[in-house]
Amino acid sequence: TSKGHNAETIKGMFPQGARKFKSRVNKEFTVKLETEGLYGIKCTPHYQMGMVALIQIGNVSETSLKKSSKVKHRGKAKDRFKTLLGALQ
């Protein structure tokens, strides 16, 4: 709800069959995640500053974890995802 932010899926970091999404900046947004797996989410304007999230829905397969771990990130997002994904291993 803070000005200047949004939420967007990260390419390669959401389950096969799930729909990607990108909210508009400064607009309230609701999404229903129904496909099991990991969802990497970023605030597009602040991605490199590390404004990211990792959402786990249900059980996560080893394949899904490996796939998400291979995605390249920039700036502080790289360290944040290393920590978040490391906690799942």
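## Helix 2

Let's start with helix 2, whose 12 residues reach 18 Å from the first C-alpha to the last. That is close to the 16 Å expected at 1.5 Å a residue, the expected span being 1.5 Å times one less than the number of residues. Helices here are DSSP runs of H or I with at least four residues, strands are runs of E with at least two, and both are numbered from the N terminus.

This is a predicted model, in which local features need pLDDT of at least 70, side-chain atom pairs count only at pLDDT 80 or more, and totals for chains, interfaces and linings use all residues. Residues are numbered from 1 along each chain as its sequence is written, and side-chain values use heavy atoms, with hydrogens and water left out.

Which residues of helix 2 are buried? They are Ala77, Phe81 and Leu85, where buried means under 20% relative accessible area and exposed over 50% (1.4 Å probe, protein chains only). Seen down the helix axis, these residues fall within an arc of 55 degrees, so they line one face of helix 2; the arc is taken from the directions from the axis to the C-beta atoms.

The buried residues pack against strand 2, strand 3 and helix 1 (62-69), with contact meaning heavy atoms within 4.5 Å. On the other side of helix 2, Lys76, Asp79, Lys82 and Thr83 are exposed.

Three strands form an open, antiparallel sheet in the order 1-2-3; two strands pair if DSSP finds at least two bridges between them. Strand 1 (8-9) and strand 3 (52-57) each have a single partner strand, so one side of each is left without a neighbour in the sheet.
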